[in-house]
Amino acid sequence: MKVFDYVFKLMDKLAFAGAAVSVGGMLFCVTLQVVARMTALSANWTTELSQYFFLWGTTFASYIAARRGKLIGVELIQNQMAPLVKRIMKFLSWAACAFFYALVIYYCFAQLPKLMGQTTPILKWSMGMIYIVMMAGLCMLTVYSVYLALEQLVKKPEADSGKEKTMEEILEEVE
């Protein structure tokens, strides 16, 4: 388990750095765009770059939200089930997420050769580079989803105490 902790801490740092750079870059671009409009200067590249930063920031923030247990989920039915059924449902839901993320990565990777030849309209960057950053964030989500799915298979059954967990207990589990 120490290996998983180390890998996830490393991925957390990468995701936090990616999200911070993306959000900071997006704010810089939007601010520069507003200043440019007010002073009649031309900074047409800021719109395109801020869109890419938004896309990248969302991708990395999705991984961070998953790690903190903040992704949208409906557990009403799961919580009414017996512990074994609950574990199976959790396994299936995390496995479905992992499958979806892996499918998106696969199709991005399949399109990568074509995308590497295309350039963005204003910045003239390779479109493949835009997708590679997205694929990195999706890889993190896939790894974490597979981990959570497999964890449901190997963890010991928990005694159902009937008591709902507090926010602090949930945060301890995901950190």
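Where is the place of Ala40? Select Ala40 to begin: its place is in the loop between α1 and α2. Helices (H or I, at least four residues) and strands (E, at least two) are DSSP runs, numbered from the N terminus. Although Ala40 is not a glycine, it has a positive phi of about 60°. Ala40 is exposed, with a relative accessible area of 72%; exposed means over 50% relative accessible area, buried under 20%, and partly exposed in between (1.4 Å probe, protein chains only).

This is a predicted model, in which local features need pLDDT of at least 70 and side-chain atom pairs count only at pLDDT 80 or more, while totals for chains, interfaces and linings use all residues. Residues are numbered from 1 along each chain as its sequence is written, and side-chain values use heavy atoms, with hydrogens and water left out.

**The whole chain**

The C-alpha atoms fill a box of roughly 65 × 35 × 30 Å, taken along the principal axes. The radius of gyration, taken over C-alpha atoms, is 20 Å, whereas a compact globule of 175 residues would have a value near 16 Å; the globule rule is 2.2 Å times the number of residues to the power 0.38. Of the 175 residues, 31% count as buried. The chain exposes about 11800 Å², of which carbon and sulfur atoms supply 70%; these areas come from the Shrake-Rupley method with a 1.4 Å probe, and for residues only the protein chains shown count as cover.

**Helix α2**

Select residues 45–67, which form helix α2, with 23 residues. From its first C-alpha to its last, α2 reaches 34 Å, close to the 33 Å expected at 1.5 Å a residue; the expected span is 1.5 Å times one less than the number of residues. Just after α2, Gly69 takes a positive phi of about 70°.

**The core**

Now show the largest nonpolar core, which has 27 residues. Such a core is a set of buried Ala, Val, Leu, Ile, Met, Phe, Trp, Tyr and Cys residues joined through side-chain atoms within 4.5 Å. Trp56, Tyr63 and Tyr144 have the most contacts inside this core. At least two of its residues come from each of α1 (2–38), α2, α4 (83–117) and α5 (127–154), and α5 gives the most, with ten residues.

Centre the view on Trp56. Leaving aside neighbours within four places in sequence, Trp56 is in contact (heavy atoms within 4.5 Å) with Ser22, Trp125, Ile130, Val133 and Met134.

**Ser145 in α5**

Move to Ser145, which is found in helix α5. Is Ser145 buried or exposed? Ser145 counts as buried, because its relative accessibility is 1%. Apart from its neighbours within four places in sequence, Ser145 is in contact with Trp94, Cys97, Ala98 and Tyr101.

**Two cysteines**

Select Cys108 and Cys139. The sulfur of Cys108 is 9.7 Å from the closest cysteine sulfur, in Cys139, which is too far for a bond. A disulfide is a pair of cysteine sulfur atoms within 2.5 Å, and by this rule the count comes to zero. Cys108 is buried, at 9% relative accessible area, whereas Cys139 counts as partly exposed at 37%.

**Last stop: Lys124**

Finish in the loop between α4 and α5, the place of Lys124. Phi of Lys124 is near 60°, a positive value in a residue other than glycine. At 54% relative accessibility, Lys124 counts as exposed.
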